[in-house]
Amino acid sequence: MEGVSVRKIKKICVFCGANSGKDVAFVNAAFHLGEVLGKRKIDLVYGGGKLGLMGCVSTAVAQHERQVLGIIPSAFTINNLVGETCGKEIKVATMQERLVMMMELSDAFISLPGGFGTLEELFQMISWAQLSIHNKPIGVLNINGFFNGLLSFVDHAVKQEFITPRARKILISATTADELVDKLQAFRFEPDPALSKLKWSPSSSQKEKLDLTLRL
């Protein structure tokens, strides 16, 4: 990465499944991502609990003596539904509050394989970057081609002129954890000239937190 400015990343938020998936490669990759974050002295923000890939990556980060923060809706903690969070835990009232806090406390975002919840988190963060609500890098770890279909669809949407080439650059992908973290560190945000002029006013009900109710 010689000649490329490197952004300082201290905390990465990881979105991923509460299931382990069919392919053992997903579990191995989640553990390896946690090891990579630990060795690079990067702390973890995630959705809390110990189920599936979420448990794998958080356990690996903690084993390398880095901080782990789980942000979890209180509803999920009833009857120990998702298991014990590996590290510090913050309980929130809603899914939206959870995602806002993840955005505020993280320097970058990585998505591992997952289901609808993982995809919702990923695309919400992408749309907020497109709106210049944040300028943090976002990437998917494309294990065994899991995200091939999604990436092809996004490129199709570009060709059909629903996503601009500028916005397409927001979503980074790589097949290994080290490569993905390198790309996140090298990412340079290119705001849309029109959308960057939007003014996001503080919401008094959230004590000076941004009002992020707009969805694309």
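This is a predicted model: local features need pLDDT of at least 70, side-chain atom pairs count only at pLDDT 80 or more; totals for chains, interfaces and linings use all residues.
1. Take C16. The closest cysteine sulfur belongs to C56 and sits 8.1 Å away, too far for a bond. C16 counts as buried, at 6% relative accessibility. C86 is in no disulfide either; for C86 the nearest cysteine sulfur is again that of C56, 11 Å away. At 25% relative accessibility, C86 counts as partly exposed.

2. Leaving out residues up to four places away in sequence, C13 touches V45, M102, S106, A108, F109 and I110. For a sense of distance, C13 and K159 are 146 residues apart in sequence, and their C-alpha atoms are 30 Å apart in space.

3. Now the nonpolar packing. The largest core has 33 residues, and those with the most contacts inside it are I12, V14, L33, L37, L44, I110 and L112. At least two residues each come from strand 1, helix 1, strand 2 (43-46), helix 2 (52-63), strand 5, strand 7 and helix 7. Helix 1 supplies the largest share, eight residues. Apart from this core lies another, of 28 residues, and C13 is among them, as are M103, L150 and I170. As a general matter, nonpolar side chains in soluble globular proteins tend to be buried together.

4. Setting aside neighbours within four places in sequence, L37 is in contact with I12, V14, I42, L44, V61, R66 and V181. Two of those names come back below: R66 forms a salt bridge with D43, and V181 is one of the buried residues of helix 7.

5. Which residues of helix 7 are buried? Within this helix (residues 177-186), they are A177, L180, V181, L184 and Q185. Seen down the helix axis, these buried residues fall within an arc of 135°, so they line one face of helix 7. What they pack against is strand 1 (11-15), helix 1 (24-39), strand 5 (108-111), strand 6 (138-141) and strand 7 (171-174).

6. On to charges: the whole structure has eight salt bridges. One of them pairs D178 with R40, with the closest N and O atoms 3.1 Å apart. This pair links distant parts of the chain, since D178 is in helix 7 and R40 is in the loop between helix 1 and strand 2, 138 residues apart. D178 is partly exposed, at 34% relative accessible area, and R40 counts as partly exposed too, at 28%.

7. The R66 and D43 salt bridge has its closest N and O atoms 3.1 Å apart. R66 lies in the loop between helix 2 and strand 3 (68-73) and D43 lies in strand 2, so the pair ties together parts that are 23 residues apart in sequence. R66 is partly exposed, with a relative accessible area of 26%, whereas D43 counts as buried at 9%.

8. E179 and K183 are four residues apart in the helix, and so separated by about one helical turn. E179 is partly exposed at 31%, and K183 counts as partly exposed at 34%. Elsewhere, salt bridges that share partners join R40, D178 and D182 into one network.

Notes: Residues are numbered from 1 along each chain as its sequence is written. Side-chain values use heavy atoms; hydrogens and water are left out. Buried means under 20% relative accessible area, exposed over 50%, partly exposed in between (1.4 Å probe, protein chains only). The arc is that of the directions from the helix axis to the C-beta atoms. Contact means heavy atoms within 4.5 Å. A nonpolar core is a set of buried Ala, Val, Leu, Ile, Met, Phe, Trp, Tyr and Cys residues joined through side-chain atoms within 4.5 Å. A disulfide is a pair of cysteine sulfur atoms within 2.5 Å. A salt bridge is a side-chain nitrogen of Lys or Arg within 4 Å of a carboxyl oxygen of Asp or Glu.
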